[in-house]
Amino acid sequence: MAETTYAEIKGEGAAATDNDQPTQGKLTIFLGAAPGVGKTYAMLTQAQLRLAEGVPVAAGWVDAHGQPETAALLEGIPVIPLRAFTYRGKKFTEIDIQTLLEQKPSLILIDELSHANAPGARHKRRFQDVQEL
């Protein structure tokens, strides 16, 4: 079963509060019993609502799975380019965690939570990327 997730940081992104303590994020996971049941569509629909409310949103990794209706929901959402790297002569791309940490969007969209990252990536699994964010 594939999962889709978004992480939301309350307040000003991941900025420190008055007592210099980092704010704690809120993780929302969209689960479905099978591929193609609308997890990504539901995540993007919610993200569009938050964007309309003025919440800073960024797409860290979103796969529209070839569905034009799902791809259309990415309109207006900044997509963070993937980090490209080479490992043992092969080229890979994965979520650019560092850019997301630097930009500090309040809402980060990440699809395919159970994905195994490429060798040489920052973490072995995508859920570990989400944990760091």
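**Figure 1. Aromatic rings in a predicted model.** Let's start with the rings: the count of aromatic pairs here comes to one. Keep in mind as you look that this is a predicted model. When two rings pair up, the distance of the centres and the angle of the planes describe the arrangement.

**Figure 2. A charged residue over a ring: Arg126 and Trp61.** What lies over the face of Trp61? Here you can find Arg126, at 4.1 Å from the ring centre.

**Figure 3. Asp96, a buried residue in a loop.** To find Asp96, look in the loop that runs between β5 (90-94) and α3 (97-103). Asp96 is buried, yet it has no salt bridge. Which side chain of opposite charge is nearest to Asp96? That is Arg83, 5.5 Å away; a salt bridge would need a side-chain nitrogen within 4 Å of a carboxyl oxygen. Even so, Arg83 is in contact with Asp96, and so are Ile80 and Pro81, once neighbours within four places in sequence are left aside.

**Figure 4. Stepping back to the whole protein.** How many helices and strands can you find? The protein has four helices and six strands. The protein has 133 residues, and 37% of them count as buried. Now consider contacts between residues at least 6 apart in sequence: 59% of these join residues at least 24 apart. Finally, the protein exposes about 7700 Å², with carbon and sulfur atoms supplying 53% of that area.

Conventions
Residues numbered from 1 in each chain as written. Predicted model: local features only at pLDDT ≥ 70, side-chain atom pairs only at ≥ 80, totals over all residues. Heavy atoms only, no water. Phe/Tyr/Trp six-rings, centres within 6.5 Å; stacked < 30°, edge-to-face > 60°. Lys NZ or Arg CZ within 6 Å of the ring centre and 35° of its normal. Helix = DSSP H or I, 4+ residues; strand = E, 2+ residues; numbered from the N terminus. Buried < 20%, exposed > 50% of the residue type's maximum accessible area, 1.4 Å probe, protein only. Lys, Arg positive; Asp, Glu negative; His and termini not counted. Contact = heavy atoms within 4.5 Å. Areas by Shrake-Rupley, 256 points an atom, 1.4 Å probe, with all protein chains shown as cover.
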